[in-house]
Amino acid sequence: MLKAHIEAMLESGFLRRFIRWLVIGVVLLWSLAALILVSARWIDPPTTAVHMERRLQAWIHRTPYRERYKFIPLSQISTNLQHAVVAAEDAHFYQHHGFDWHEIQIAAGEDLEGERTRGASTITQQLVKNLFFGTGRSFLRKGAEATLVPVAEIFLGKKRILEIYLNVVEWGPGIYGAESACRYYDETSALNIGRQQAARLAAILPAPLKRRPERMNSYSAIILRRMSQLGW
């Protein structure tokens, strides 16, 4: 009886210590991510979780992998491409503070009806996901992402968020960022990309490993229409 009581106390103490260290570890990881986000105001990200994930996948499957990634200032990215991506990915980007509650309500309603047709992630949410969480999906990841979104909005601001997103987002196998995508698909710079070409590039972002710009006739037309509706 005494032995069982002592063992129970030891187990209880171990559990408390485990939980305490787990909480400390989570807080330290979150603090590191927040610090990286704050420093991203001045320092261009050398890589992202998505980039590392793709390199690891290529190594595991022993497939050829060539990474194209060049970070350029927002001023060197055509407004055509900036507007096309915002229209396609997050039409209320300049109005919300990291979360588009209207789109979240619509997406939640579609989930309940079993007819999910759209995502509700903002560009800020997608940037945080790209930087720290890769392509995986889970409620745990969503929760962690949600706590970092306000940090990005407060310390980076809309212009820097868009600049980083356009430079790190995946645009095809090993193709990251606007400059690499424009050079690869259209043999031109991001600064000189045309309106139609920009809409086609924006159209592949939801599934960059499966879609090709030249096949995006219908969706690119929708994006062009959205751009016009937004005054672009």
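A salt bridge is counted here when a side-chain nitrogen of Lys or Arg lies within 4 Å of a carboxyl oxygen of Asp or Glu.

Entry 1: I am working from a predicted model, in which local features need pLDDT of at least 70 and side-chain atom pairs count only at pLDDT 80 or more, while totals for chains, interfaces and linings use all residues. Residues are numbered from 1 along each chain as its sequence is written, and side-chain values use heavy atoms, with hydrogens and water left out.

**Entry 2: salt bridges.** I searched the whole structure and got 9 salt bridges. Side chains of opposite charge can pair when their charged atoms come close.

I looked up E214 and R212; their side chains meet in a salt bridge at 3.3 Å, N to O. For burial I used relative accessible area with a 1.4 Å probe on protein chains only: buried is under 20%, exposed is over 50%, and partly exposed is in between. E214 is partly exposed at 47%, and R212 is partly exposed at 30%. I also noted a network in which D44, R160 and E163 are joined by salt bridges that share partners.

Next I took R55 and E67, whose side chains form a salt bridge of 2.6 Å, N to O. The pair links distant parts of the chain, 12 residues apart: R55 belongs to helix α2 (residues 49–61), and E67 to the loop between α2 and β1 (68–69). Helices here are DSSP runs of H or I with at least four residues, strands are runs of E with at least two, and both are numbered from the N terminus. R55 has a relative accessible area of 34% and is partly exposed; E67 is partly exposed at 29%.

Then I checked E179 and R183, where the closest N and O atoms of the salt bridge are 2.8 Å apart. Both residues lie in helix α8 (residues 178–186), 4 residues apart, about one turn of the helix. E179 counts as buried because its relative accessibility is 8%, whereas R183, at 47%, is partly exposed.

**Entry 3: α3 against α7.** I looked at how helix α3 (residues 79–89) packs on helix α7 (residues 157–168): the angle is about 90° and the axes are 11 Å apart. Axes are lines fitted to C-alpha atoms, for helices over the stretch in contact, and angles run from 0 to 180 degrees between N-to-C directions. The two helices are therefore roughly perpendicular, a label that covers 65 to 115 degrees.

The contact (heavy atoms within 4.5 Å) is made by Q82, V85, V86 and E89 of α3 with L162, Y165 and L166 of α7. I sorted these residues into 5 nonpolar, 1 polar and 1 charged. In that scheme Ala, Val, Leu, Ile, Met, Phe, Trp, Tyr, Cys and Pro are nonpolar, Asp, Glu, Lys and Arg are charged, and the others, Gly among them, are polar.

**Entry 4: Q126.** I found Q126 in helix α5 (residues 123–132). Q126 is buried, with 16% relative accessibility. Leaving out residues up to four places away in sequence, Q126 touches E89, S121 and Y165.

**Entry 5: the sheet.** I traced an open sheet of 3 strands in the order β1-β3-β2, with mixed pairing. β1 and β2 (170–172) stand at the edges with a single partner strand each, so one side of each has no neighbour in the sheet. Strands pair if DSSP finds at least two bridges between them. β1 and strand β3 (residues 175–176) run parallel and are joined by 2 bridges. I looked up Y69 and found Y176 in β3 as its bridge partner.

Technical notes. Angles under 35 degrees count as roughly parallel, over 145 as roughly antiparallel, 65 to 115 as roughly perpendicular and the rest as oblique.
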